[in-house]
Amino acid sequence: MLEKLRERLQAHRPRRQSLRLPEAAVLMPIVDRPDPTLLFTRRATHLNTHSGQVAFPGGKREAQDADLLTTALRESEEEIALPPQHVELLGQLSDVTSLHGLSVTPYVGVIPPDLPLLPDPAELDLIFEVPLALFLEDRRHHTDVIPVDGRPWYVPNYHVDGQVIWGLSAMMLVELLAEGFGRPVDLHREPPGPLCYFPERLLRIQQHATG
């Protein structure tokens with residue numbers, strides 16, 4: 001499975017952000033288990049912004065970062081104590097723009113199982129894994145209909161053991177599933193199942209909520 005994923009991502013041509021925006025990067029770590037999992041973090045509840053939200057490890061680019069891959073690996077080491085040498089890079093996905101005007105570049109990498117990872121308590125309160133099968137089988141709870149530039153985007157919303165994966169992270173997941181695994185999932189095509197409509201004002205409130 002992972003070797004085929006590598007081939008597909010190496011052939012993929014991700015879209016780059018044309019606007020000059022502040023930059024950030026995240027790592028989407030796939031844990032190399034017999035049944036591979038995807039690793040997520042949860043933002044600490046004491047934070048003023050995005051508290052309690054599920055995300056991939058990553059953050060803003062700093063002046064000393066040679067490139068955005070460096071950013072993703074540095075932030076992953078700072079946030080979850082993941083040594084960069086344990087990350088096998090598979091490829092890059094398209095830039096995604098956050099509501100706060102950040103251009104976020106996702107990188108997909110494979111890491112060994114059972115590393116002694118630890119969440120930085122200043123930023124995170126949980127590290128957890130989700131079987132890739134849950135996403136490959138499209139076991140979404142519902143679909144959020146999010147307005148982007150006046151156009152509806154159909155973003156899957158997953159509920160896993162009390163955690164909610166949605167928003168920017170779910171958008172990145174859609175490209176991973178479509179380009180990396182050839183799954184018939186698309187942000188611009190209405191899927192079957194329940195829909196939850198987000199007016200733009202409500203979406204901003206949700207993104208700034210404290211959990």
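**A helix, a sheet and some rings**

Guide: Start at a helix end: Asp67 caps the N-terminal end of H2, with a side-chain oxygen 3.4 Å from the backbone nitrogen of Leu69. A polar contact is a pair of N or O atoms within 3.5 Å; within protein, one must be able to donate a hydrogen and the other to accept it, and residues adjacent in sequence count only if both atoms are side-chain atoms. Helices (H or I, at least four residues) and strands (E, at least two) are DSSP runs, numbered from the N terminus.

Visitor: What kind of model is it, and how are residues numbered?
Guide: This is a predicted model: local features need pLDDT of at least 70, side-chain atom pairs count only at pLDDT 80 or more, and totals for chains, interfaces and linings use all residues. Residues are numbered from 1 along each chain as its sequence is written, and side-chain values use heavy atoms, with hydrogens and water left out.

Visitor: Back to H2. How many residues does it have?
Guide: H2 has 13 residues, 68–80. From first C-alpha to last it reaches 18 Å, close to the 18 Å expected at 1.5 Å a residue. The expected span is 1.5 Å times one less than the number of residues.

Visitor: What follows H2?
Guide: Ala81, whose phi is positive, near 60°.

Visitor: Which residues of H2 are buried?
Guide: Leu68, Thr71, Ala72, Leu73, Arg74, Glu75, Ser76, Glu79 and Ile80. Buried means under 20% relative accessible area, exposed over 50%, partly exposed in between (1.4 Å probe, protein chains only).

Visitor: What do they pack against?
Guide: Strands S1 (23–31), S2 (37–43), S4 (58–60), S7 (103–111) and S8 (124–131). Contact means heavy atoms within 4.5 Å.

Visitor: Why does Ser76 count as buried?
Guide: Because its relative accessibility is 0%. Ser76 touches Leu27, Pro57, Ala81 and Leu82, not counting residues up to four places away in sequence.

Visitor: New topic. How many aromatic pairs are there?
Guide: A search of the whole structure finds 4. One of them is Phe40 with Phe128, stacked, at 5.7 Å centre to centre and 20° between the planes. Phe40 sits in S2 and Phe128 in S8, 88 residues apart, so the pair links distant parts of the chain. Rings of Phe, Tyr and Trp (its six-membered ring) pair if their centres lie within 6.5 Å; planes under 30 degrees apart count as stacked, over 60 as edge-to-face and the rest as tilted.

Visitor: Are those two buried or exposed?
Guide: Buried: Phe40 has a relative accessible area of 0%, and Phe128 has 12%.

Visitor: Which residues form the aromatic cluster?
Guide: Phe40, Phe56, Phe128, Phe135 and Tyr158.

Visitor: Now the open sheet. What is its strand order?
Guide: S11-S10-S9-S12, with mixed pairing. The edge strands are S11 (163–165) and S12 (195–197), each pairing on one side only. Two strands pair if DSSP finds at least two bridges between them.

Visitor: How do S9 and S12 pair?
Guide: In the parallel sense, over 3 bridges. Thr143 stands opposite Leu195 in S12.

Visitor: Which helix lies across S9, S10 and S11?
Guide: H4 (167–181), running at about 95° to S10. Axes are lines fitted to C-alpha atoms, for helices over the stretch in contact, and angles run from 0 to 180 degrees between N-to-C directions.
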